[in-house]
Amino acid sequence: MMRSSAFANKSYAILGLARSGMATLDALHASGARILAWDAREDLREAANDKAIIADPLEADLSDYDAVVVSPGVPLNTHPIRDKAADDGVPIVGDIELFAQARRSLPPHRVVGITGTNGKSTTTALLHHIIQSAALPTHMGGNIGVPILSQEPLAAGGVYVLELSSYQIDLTHSLDCDVAMLLNISPDHLDRYDSYDAYAAAKVRLFDMMGADHVAIFGGADEKTQLALQFIRAEGRVQNIVDSSSILLEGQAEWPSLQGPHNLQNAIAAVAAAEALGIQEHQWRPALESFKGLPHRMELMAEADGVLFVNDSKATNPASTGPALGAYPKIHWILGGLPKSDDLKECEPYFGNVVQAYTIGDAGPVFGELLAPHMPVDPCEMMLTAVQHAAANAKPGEVVLLSPACASFDQFKDFEARGECFRCAVDSVIENNLIGTASGGSIV
């Protein structure tokens with residue numbers, strides 16, 4: 001657990017006691033802070049009872065508190081805590097800002113911050129793996145893995161690798177990253193922002209907090225990322241800028257968990273960050289080959305009778321799914337769910353790789369109409385049906401790919417639950433020898 005003298009004898013109100021909230025509670029309590037805490041769930045309030053005053057910050061006088069610490073899941077654009085904190089004159093922060101404030105009390109270290117609409121988790125995990133392979137002390141946290149405040153401080157010379165969502169950046173004000181990375185920007189989370197421009201601006205704030213002598217890496221050729229790159233250059237706030245979209249990196253065929261054009265870009269960005277940290281090619285190249293990837297992100301789930309099954313349930317928008325379709329030449333594509341857009345334009349360049357599409361969920365009928373002029377479409381509605389039909393039609397050398405281009409909340413709790421459902425369905429078709437049976441008439 002991360003204890004810091006920066007929090008001693010200060011007062012904090014915590015709103016939200018899920019993973020990051022509980023980690024914040026433990027770290028602040030261990031550091032000698034006075035804490036007020038609240039969550040809508042009674043069991044979480046009870047779990048915090050011995051470390052905090054349990055009270056709703058909306059009903060408390062916060063004027064003598066040093067900060068209100070909120071979960072990234074709290075929608076500041078609609079939640080009354082924003083106005084309450086403003087009325088009481090207290091800042092709203094998140095756990096990443098508390099980490100930033102604690103840095104002065106930690107052993108000498110460096111921080112890499114990684115943001116973007118797509119590819120953050122894979123790039124963060126890959127860079128963390130590269131750093132580990134180079135035998136440097138490192139922790140991974142932020143929007144991935146274990147909350148950063150619940151981890152023990154690294155030894156001197158360590159590197160903290162943080163995946164940062166726009167929500168987390170909104171709650172952060174003083175994180176001066178030694179290396180900051182913007183992978184790409186495409187429309188997402190527009191329920192939390194007034195406009196696409198406002199969402200993009202939230203991402204770019206990561207660079208506003210940087211020292212001029214640190215390294216800024218831009219990974220995307222999309223319009224918003226390139227505008228941000230030009231702006232940072234024009235402002236001169238960061239002198240060491242790497243435009244990784246122009247970097248060539250050979251050898252992708254040797255990286256089994258990094259297939260597809262999007263994963264090539266992720267690898268390029270991770271290598272650029274590794275080299276900014278002083279890690280050399282003889283250290284990072286073997287790590288690209290040994291990287292195992294993340295669950296639900298182009299996860300190689302199984303291979304049977306020459307058919308590969310790939311779980312890309314984390315692809316919750318078309319911009320993420322498009323490059324996944326570019327990873328393999330012959331794909332049986334399972335897609336659908338709760339749509340974030342009414343088109344699949346980002347997927348269109350890769351339609352030639354799709355043998356057949358299998359639609360599920362709320363988006364199924366609309367996506368079926370969009371895809372019908374380009375490929376055969378099987379309206380399956382349910383995941384098990386889609387996997388059964390795709391497996392039955394698949395031939396040796398082809399791939400059954402779940403890459404939904406949609407959120408999961410129409411049928412599943414989250415993308416992890418959707419990916420696990422796919423896993424169970426794949427296990428079932430393999431166990432029952434249902435692969436390639438369509439030609440024999442067993443499954444239509």
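Start with the lining of the largest cavity in this predicted model: its residues divide into 5 nonpolar, 5 polar and 1 charged. To see them, select Ile14, Leu15, Gly16, Ser20, Gly21, Thr24, Val69, Val70, Ser71, Pro72 and Asp95.

How much space lies in the largest cavity? About 40 Å³. A search of the whole structure for cavities of 30 Å³ or more finds 1. Rolling a probe the size of a water molecule over the atoms shows where empty space is left.

Next, show the cartoon and select strand S1 (11-15), helix H1 (19-30) and strand S4 (67-70). Each of these elements gives at least two residues to the lining of the largest cavity. Which of them supplies the largest share of that lining? Helix H1 does, with 3 residues.

Finally, zoom out to the whole protein chain. You can look for 14 helices and 19 strands. Along the principal axes, the C-alpha atoms fill a box of roughly 75 × 50 × 40 Å. The radius of gyration is 23 Å, which agrees with the value near 22 Å for a compact globule, because that is what 444 residues would give. Color by burial next: 57% of the 444 residues count as buried. As a last stop, look at contacts between residues at least 6 apart in sequence: 69% of them join residues at least 24 apart.

Methods
Residues are numbered from 1 along each chain as its sequence is written. This is a predicted model: local features need pLDDT of at least 70, side-chain atom pairs count only at pLDDT 80 or more; totals for chains, interfaces and linings use all residues. Side-chain values use heavy atoms; hydrogens and water are left out. On a 1 Å grid over the protein atoms alone, a cavity is a set of points where a 1.4 Å probe fits but cannot get out, and a pocket is an open set with protein on both sides within 12 Å along at least five of seven lines; lining residues have an atom within 4 Å of a point. Grid points are joined across faces, edges and corners, and a volume is the space filled by probe spheres set on the points. Helices (H or I, at least four residues) and strands (E, at least two) are DSSP runs, numbered from the N terminus. Ala, Val, Leu, Ile, Met, Phe, Trp, Tyr, Cys and Pro count as nonpolar, Asp, Glu, Lys and Arg as charged, and the others, Gly among them, as polar. The radius of gyration is taken over C-alpha atoms; the globule rule is 2.2 Å times the number of residues to the power 0.38. Buried means under 20% relative accessible area, exposed over 50%, partly exposed in between (1.4 Å probe, protein chains only). Contact means heavy atoms within 4.5 Å.
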